Structures are given as C-alpha cells and as structure tokens.
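Trainee: I would like to learn how to read a few features in a model.
Mentor: Then let us look at one together.

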Amino acid sequence: MKIETKFNAGDTIWIKEFNPEAKKFMPELWPIYHINIWISKDGNIDIRYYLGRNWWQGFWEDQIYATEEECQLACDQKNDEIYQRKK
C-alpha cells in the first residue's frame, strides 16, 4: 500500500483562524509538526495534520491551505456564511 499526503511534516501551511478582535476568520500561518495516518482494516485511510501550537488538535487536508490567497478565499466564504446567517 502506498499513501501520499498533500503536505509533509515541516511544511508551512495556512489555516482559517477566528480573530475575536476583528470578529472574522483570517488566514494564519503554521508549520506542520507531525502527521498521523490511520488505516482501518476496511481500507479507510484518515490523514490528520498537527500544527506546532496544538499537538492535540488535528486538521484534515481540506482544512489547511498551501497559500495565503487560497486560505483567504476560504476565510471570505466562511465570513460570508456567518454574515448571511445573522441577517
């Protein structure tokens, strides 16, 4: 079995982080500290990325971004969703 990850330990990635002062999600830069891969006997593969700040909180590949621009688009979308719910 060959498993390929989107990112590697030591890579620097971007995440959506809620900024309480700005009251919105903003891009935040973090290094990947380690990666956990779980393979179940039924063939499911789960990959979680752990950042330097929260070694107990993992992120799925769809929750982290390679560029600030990519992350900013995701933050804008999340902020728009929140704004629409408040209307």
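This is a predicted model: local features need pLDDT of at least 70, side-chain atom pairs count only at pLDDT 80 or more; totals for chains, interfaces and linings use all residues.

Mentor: Residues are numbered from 1 along each chain as its sequence is written, and side-chain values use heavy atoms, without hydrogens and water.

Trainee: In which sense do S1 and S2 pair?

Mentor: Strands are DSSP runs of E with at least two residues, numbered from the N terminus, and two of them pair if DSSP finds at least two bridges between them. Strand S1 (residues 12–19) pairs with strand S2 (residues 24–39) in the antiparallel sense over eight bridges, and Ile 13 stands opposite Trp 30 in S2. Their hairpin has four residues between the strands, and Lys 23 there takes a positive phi near 60 degrees.

Trainee: Over how many bridges do S2 and S3 pair?

Mentor: Seven, again antiparallel, with S3 covering residues 45–51. Asn 36 stands opposite Arg 48 in S3.

Trainee: Which residue forms a salt bridge with Lys 2?

Mentor: Side chains of opposite charge can pair when their charged atoms come close. The rule asks for a side-chain nitrogen of Lys or Arg within 4 Å of a carboxyl oxygen of Asp or Glu. Lys 2 pairs with Glu 4, the closest N and O atoms being 3.8 Å apart; the count comes to one salt bridge.

Trainee: Why does Met 1 count as exposed?

Mentor: Because its relative accessibility is 76%, and exposed means over 50% relative accessible area (1.4 Å probe, protein chains only). Met 1 lies in the segment before S1.

Notes
Buried means under 20% relative accessible area, exposed over 50%, partly exposed in between (1.4 Å probe, protein chains only).
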